[in-house]
Amino acid sequence: MTDADTHTDTHPDAAGAPSRPEPITKVSIVISKGSLDGVYPGLIMASGARAEGIEVNLFFTFFGLDAVHRKRSEHIKAATVGNPGMHMATVVGALPGMSAIATHMMEKKMTALDIPSVPEFIEFISDTGAGIYGCQLACDMFGFTQDDLVDQVQDIITVGEFYEMAAGGEIIFT
Amino acid sequence: MPTRTVAGTTVEVNDEGFFVDPAQWTEAMAPELAAEEGIAALTDDHWTVIRFMRSEYAEKGTGPTVRVLGKTSGVPVKELYQLFPKGPAKIAARVAGIPKPRGCL
C-alpha cells in the first residue's frame, strides 16, 4: 500500500480505478441552541437527509428543546446580541423589541421562500420518518416532561441511548 | 453521456441514473425502473406521484421536492415515504424519467 492509498476514502475497484466513496446512509443530528439560526440549520439538514433516503435521528438538547416545546416552538427568535452575522451593533441589538423586529423580518423572507415555521417543520420531518428525541438531562434541568414537548417527540433519552441509536452513522452537532 | 437500455429502448442517463431527456421516457419503462429501486409493483398511488412529477417537470422545468409533493400532489408526506421509502422526490423522479429535483426543502 502506498502513502497515497492510506489518505483516501475511496477504494479502488478490481480494475484499480478509484470508485466513489460510500454514500452516507444514516445521520444523527443534535440541536442544542434555541435561536432561529440555531434551530433551522439542523432541521434543514434533517429534511434534506430524508429526501435522500438517509435514515435520520434528531436529538434536541439544552435550549434546542424549545424547538419541540409545546408552548415555545412557535416563538423561536433570532438573536440580535452577540451575533456578528446580524451586522448590528451590540448596543442596538440590545434595544427592546429588536429581536422581535429581526425575527419578523427573517420570518417574512423565510415565508417567501416557503420555509415552514418551526412547528410545521418538526411535523414534516416526523412525517418523513425521522426519529425525534429530547435529552433527558436537559429536560431534568428545565423541569420538562414528555407532556411539555410536542407529540412528534418519540421519547426522552439519555446521551448513552443517543449514542446507541447513532451507531453506524454520522453525528452532526449544531 | 452514458446510455442504458430500459424496456428494450436505449436512453440517455446521467452518472446518477436519471434521465437526461424526459421525452425518451415511456410509461412502459416505469415498472422496470421501479423494480431497480426495490418497488416490486406500481400501485395507483405510485402512478399518481409519477404523473405528478412529470406534469410538474413539464410545467416548471424542474421536479418537485418532497415538501412540494406533500403539499400539492394530494398524497400526504407519510404516504409518500411508504410508496418510495428511499426518498419520494428522488426515487419518483428516477422512475418518472425526469432529472433529479434540486432544492433544500
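A: **A helix pair in chain B**

In this predicted model, helix H2 (residues 44–60) of chain B and helix H5 (residues 88–96) of chain B have axes that come within 9 Å and cross at roughly 80°. H2(B) is therefore roughly perpendicular to H5(B) (65 to 115 degrees). Axes here are lines fitted to C-alpha atoms over the stretch in contact, with angles from 0 to 180 degrees between N-to-C directions. Helices are DSSP runs (H or I) of at least four residues, numbered from the N terminus.

From H2(B), the contact uses Val49(B), Ile50(B), Met53(B) and Arg54(B). H5(B) supplies Ala89(B), Ala92(B), Ala93(B), Val95(B) and Ala96(B). Contact means heavy atoms within 4.5 Å. By class, eight of these residues are nonpolar, none polar and one charged. Ala, Val, Ile and Met are among those counted as nonpolar, and Arg as charged.

Val49(B) also belongs to the largest nonpolar core, which has 74 residues. Such a core joins buried Ala, Val, Leu, Ile, Met, Phe, Trp, Tyr and Cys residues through side-chain atoms within 4.5 Å. Phe60(A) is another of its residues with the most contacts. Beyond neighbours within four places in sequence, Phe60(A) touches residues including Leu43(A), Val68(A) and Cys135(A).

Cys135(A) is buried at 10% relative accessibility (under 20%, with a 1.4 Å probe and protein chains only). Its sulfur lies 6.7 Å from that of Cys139(A), too far for a bond. Cys139(A) is buried too, at 1%. The whole structure has zero disulfides (cysteine sulfur pairs within 2.5 Å).

Residues are numbered from 1 along each chain as its sequence is written, and chains are lettered from A and ligands numbered from 1 in written order. Local features need pLDDT of at least 70, side-chain atom pairs count only at pLDDT 80 or more, and totals for chains, interfaces and linings use all residues, while side-chain values use heavy atoms, without hydrogens and water.

Definitions and conventions: Helix = DSSP H or I, 4+ residues; strand = E, 2+ residues; numbered from the N terminus. Parallel < 35°, antiparallel > 145°, perpendicular 65-115°, else oblique. Buried < 20%, exposed > 50% of the residue type's maximum accessible area, 1.4 Å probe, protein only.
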